[in-house]
Each structure stands twice: as C-alpha cells, then as structure tokens.
Amino acid sequence: MQPLITPLLYPILVAFIWGILVILVKDTKVPAIYGLGVSLTGGVFFMFLPAVIINVPVFAIFAEPAIMVNMAIIGITRYILGTCLFYMSVKTGDLTIATPIVGLKIIIVTFISVALGLERLNFLLMAAILLATAGFMTITFHVRKLDNLNRWRTIKCIAFALAAALCWSAGDILVLRVKHMNPFSITFVSLLLSWLLYLIFIISSRKQVFLLRMPSLDRKRYLLHGMFSLALAYFILNLS
C-alpha cells in the first residue's frame, strides 16, 4: 500500500501549499516581476540554514560548469520564468482559471518523460491527465460565455498560465534527468542560482529601488510565498 500512497501524497501536498499561499499574491499591488524578487529572497534564506547544516556542496557544484549550467536552467525555467508568469496570470484573471490551466503541466511532463524513458505511464498519472483535461475543457466552455472585455482579460490570464506551465514542465523534465544530486541540493542550488541571476538583472536594469519601496504587506506576502511555495513545495516535488 505504501508505494501507492507516497507518489500520490507529494503532488497533493504541493498543490495544497501553492493553492493556499497563492491567494496572498492575488491581492498584492506591486508588479509580478518585483514581487518575484522578494519571493526568491524568502526561498533562499528559508533553505540557507538547512543547507549549511547538511553541508550542501555549493562550491563543488559551482566548480562543475555542466552541473551549474543545468541547475541555472532549472532555476530560470522554474523559479524566474514559471513563477513570474504564474504571478502575472493570477493578478490578471481569476485563480479558478489560472490554477487548472497550470495543471496541464502534468500532461506535458508525463508525455515527454515517458517518451524519454524517464517514467512509466501508470494509473495515477492517467487519472491526473484526465482531471487536467477536464479542467481545461471546463474553462474553455466558460470563456465562450463571457463578454468581450472579460473574455480578453481571461484569455491573457490563460496565456500567462499556459506559458508558466510550459516553463515549469521544462524545469521538471530537467530535474528528472539529474541523477547525481539529492532533492534538497537540487532545490537549494537551482533556487540560489535563480536568485543571483535575478539580482544581476534587477541591479543592471537599475530597478532595485522598486524592491526597496515595496509596501510592507506585499513584501510579507511574497516572502511567505517564496518560503513555502518556492522552497518547501519544490523540495517536496523533487522528492517525488
């Protein structure tokens, strides 16, 4: 019984964490790109102490160009592009639309991973694919009934969510191909690299002032989302 429960439990925990905390992001005032910086900071510092305690070989990983590039791409696709696009989706439209669309990721990841021989198709994956497809079809039917103004806003929400799903799928596939690192190291190193790359981008574009002037409530909300959704939830996902 345990082998059936464990694979099912991880995605449920991840969906629960993201589903609860993304509500905080929905009501923030600052643009998604600046909120992302706070979330990345929260995620990195949330994992920093455990990384020190278990002695994650960060410098050894950085000394291996191929590994570092792979971790950087995972960080960019998962944490920078995927998360920012998802923030834009939930801030543009409704959570009830964005969340099921992002669920299409399971279809993309499943077919690619099965084609590459990384996973085998089983009953749980088939059930997840059917649920994701049903959610997408329901949203498509709902969009047709909207007026022009709400339809355009909803289409933008769907487009952002689909783009986020594609980015997250790319990151998930890359994680499946990593065989020489434990789940915690993958999570921490890819998150750390994405944070460093984000800082380089935001400082070089001279936009750091927007992070410093962020309203206190928005900062707290993004910090919480970074700590538990970007750090904890992705660690749980990597365990699966």
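Predicted model: local features only at pLDDT ≥ 70, side-chain atom pairs only at ≥ 80, totals over all residues.
Arg-78 belongs to helix H4 and Asp-172 to helix H8, so the pair ties together parts of the chain that are 94 residues apart in sequence. A search of the whole structure finds one salt bridge.

Are the two partners buried or exposed? Arg-78 has a relative accessibility of 2% and therefore counts as buried. Asp-172 counts as buried as well, because its relative accessibility is 9%. The cut-off behind both calls is a relative accessible area under 20%.

Helix H8 spans residues 148–176 and includes Ala-164. The relative accessibility of Ala-164 is 0%, so this residue counts as buried.

Which residue is 78 positions away from Ala-164 in sequence but 5.5 Å away in space? The residue is Phe-86, with the distance taken from C-alpha to C-alpha.

## Overall make-up

The secondary structure of the protein chain comes to 11 helices and zero strands. Read from the N terminus, the order of elements is α-α-α-α-α-α-α-α-α-α-α. The chain has 240 residues, and buried residues make up 43% of them.

## Helix packing around H11

Helix H11 covers residues 216–239, and helix H9 covers residues 183–204. The two helices pack at an angle of about 140°, and their axes are 8 Å apart. That angle makes H9 oblique to H11, because the class of roughly antiparallel starts over 145 degrees. H9 passes H11 in a right-handed crossing.

Helix H4, residues 65–92, also crosses H11, here at roughly 125°, and the two axes come within 13 Å. H4 and H11 are therefore oblique to each other. The crossing of H4 past H11 is right-handed.

## Nonpolar surface patch

Which residues form a nonpolar patch on the surface? They are Phe-48, Leu-49, Val-52, Ile-53 and Ile-54, and together they have about 530 Å² of accessible area.

Leu-49, one of these residues, is found in helix H2, which runs over residues 32–53. With 56% relative accessibility, Leu-49 counts as exposed, because the cut-off for that class is over 50%.

## Two loop residues with positive phi

Most residues other than glycine have a negative phi. Asn-55 is not a glycine, yet has a positive phi of about 60°. Asn-55 lies in the loop between H2 and helix H3, the latter being residues 58–62. At 61% relative accessibility, Asn-55 counts as exposed.

Arg-206 likewise is not a glycine and has a positive phi, of about 55°. Where does Arg-206 lie? Its place is the loop between H9 and helix H10, which spans 208–212.

Definitions and conventions
Residues numbered from 1 in each chain as written. Heavy atoms only, no water. Patch = residues over 30% accessible without salt bridge, like charges linked within 9 Å, V, L, I, M, F, W, Y side chains within 5 Å. Areas by Shrake-Rupley, 256 points an atom, 1.4 Å probe, with all protein chains shown as cover. Salt bridge = Lys/Arg side-chain N within 4 Å of Asp/Glu carboxyl O. Helix = DSSP H or I, 4+ residues; strand = E, 2+ residues; numbered from the N terminus. Buried < 20%, exposed > 50% of the residue type's maximum accessible area, 1.4 Å probe, protein only. Axes fitted to C-alpha atoms, helices over the stretch in contact; angles between N-to-C directions. Parallel < 35°, antiparallel > 145°, perpendicular 65-115°, else oblique. Left-handed = near helix turned anticlockwise from the far one by under 90°.
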